[in-house]
Amino acid sequence: MKSVTERVYLTDFILACVGYFLFVGHDSVVKHLAETYSIIQIIFVNSWFAIIPIILYTQTLHGWKKLKKANLKVHFFRSLTMAFAIFFAMTGFYYLPMVTMYSIIFLIPLFITIGSVLFLGETVRWKRLTAIIIGFIGTIISINPFGAELNYYHALLALCCPIAASSSYLIVRKYGHKENLFSFLVYGKILMIIFSGMIAVFYFKPVPLDDLMLNASAGLMRGIAMIFVINAARHLPGAIFGSITYVQIFGGVLVGYFVFSEIPTINNYVGNIIIIAAGIYIVLREMQLKKNIVSSTARHPTIPIKKI
């Protein structure tokens with residue numbers, strides 16, 4: 001008979017996997033809708049529905065009181081940089097094969113490490129640095145910058161995603177250590193709606209009911225996925241949680257192939273094997289050093305994990 005801890009781990013492991021597949025589902029809907037609507041409009045509409053499960057989650061755990069102590073300046077700049085990250089991510093998913101874009105997203109740990117050294121004065125051991133460099137090489141192999149089909153402009157836009165996301169994380173690392181989980185979730189989504197709405201008003205076009213429902217489903221998937229992943233990050237050992245993030249690559253391969261007829265190349269396979277191997281090594285290495293690596297392995301690496 002399984003212990004309570006084992007059952008909790010199993011439940012959170014399954015929910016984390018479901019959460020990351022929901023992210024893939026969200027990205028797939030965005031890729032489809034971007035054929036018709038501007039990315040910024042998709043983000044704006046999407047965010048209204050993403051906030052619904054977040055509100056329910058906050059209400060269930062009685063988190064409203066904890067919002068009063070929030071540092072709005074931290075949330076403003078964290079949300080602004082994350083808004084740019086999401087914009088570039090969605091743009092990348094539209095223009096690039098899904099598996100290639102996920103390879104680019106996994107550059108986030110590299111940029112976080114570089115930023116931590118440059119702006120936070122942290123020390124990075126050579127083993128971790130070597131693994132990150134190897135992961136970066138895997139990304140380059142997967143992207144295949146010398147391939148005839150690659151559009152460099154689209155690739156550069158996509159590369160802005162991990163840069164912006166890493167900036168968001170570093171802001172939280174430096175200034176947001178006193179913030180709580182609910183403030184990041186609630187203020188993050190509210191500010192996302194405000195930022196995207198200020199621009200979407202200039203590009204907005206009428207949306208038929210079927211497309212509205214499709215974008216609504218994507219927003220709900222995103223909100224639910226964030227909750228599932230964050231809960232798993234709070235409970236699971238880092239080595240287990242960190243390795244789950246890579247299901248997005250497999251999900252991207254499956255959806256890209258069956259939905260968008262994107263056939264992965266040899267470069268994609270080889271590059272992503274290298275990325276996954278390097279990433280798992282980093283997770284296991286940091287576990288040996290007893291560091292909290294959860295916040296830098298989640299898809300949204302801007303939420304410090306604290307017990308509620």
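This is a predicted model: local features need pLDDT of at least 70, side-chain atom pairs count only at pLDDT 80 or more; totals for chains, interfaces and linings use all residues.
Colleague: What share of the residues is buried?

Modeller: Buried means under 20% relative accessible area, exposed over 50%, and partly exposed in between (1.4 Å probe, protein chains only). Of the 308 residues in the protein chain, 54% are buried.

Colleague: How many helices and strands are there?

Modeller: Both are DSSP runs numbered from the N terminus: helices are H or I with at least four residues, strands E with at least two. The protein chain has 12 helices and 0 strands.

Colleague: How far apart are the end C-alpha atoms of helix α5?

Modeller: The expected span of a helix is 1.5 Å times one less than its number of residues. For the 12 residues of α5 (residues 108-119) that gives 16 Å, and the end C-alpha atoms are 16 Å apart, which agrees. Buried residues in α5 are I108, L110, I112, T113, G115 and S116. Their cover includes α4 (98-105), α6 (126-143) and α7 (152-175). After α5 comes G121, with a positive phi near 70°.

Colleague: How many aromatic pairs are there?

Modeller: Rings of Phe, Tyr and Trp (its six-membered ring) pair if their centres lie within 6.5 Å; planes under 30 degrees apart count as stacked, over 60 as edge-to-face and the rest as tilted. The count comes to 11 aromatic pairs. One of them is F76 with F195: the ring centres are 5.3 Å apart and the planes at 80°, so the pair is edge-to-face. This pair links distant parts of the chain, with F76 in helix α3 (residues 72-95) and F195 in helix α8 (residues 181-200), 119 residues apart. F76 is partly exposed at 34% relative accessibility, whereas F195 is buried at 12%.

Colleague: Which pair is stacked, 20° between the planes?

Modeller: F84 and F88, at 6.5 Å centre to centre. Both lie in helix α3, 4 residues apart, about one turn of the helix.

Key:
Residues are numbered from 1 along each chain as its sequence is written. Side-chain values use heavy atoms; hydrogens and water are left out. Contact means heavy atoms within 4.5 Å.
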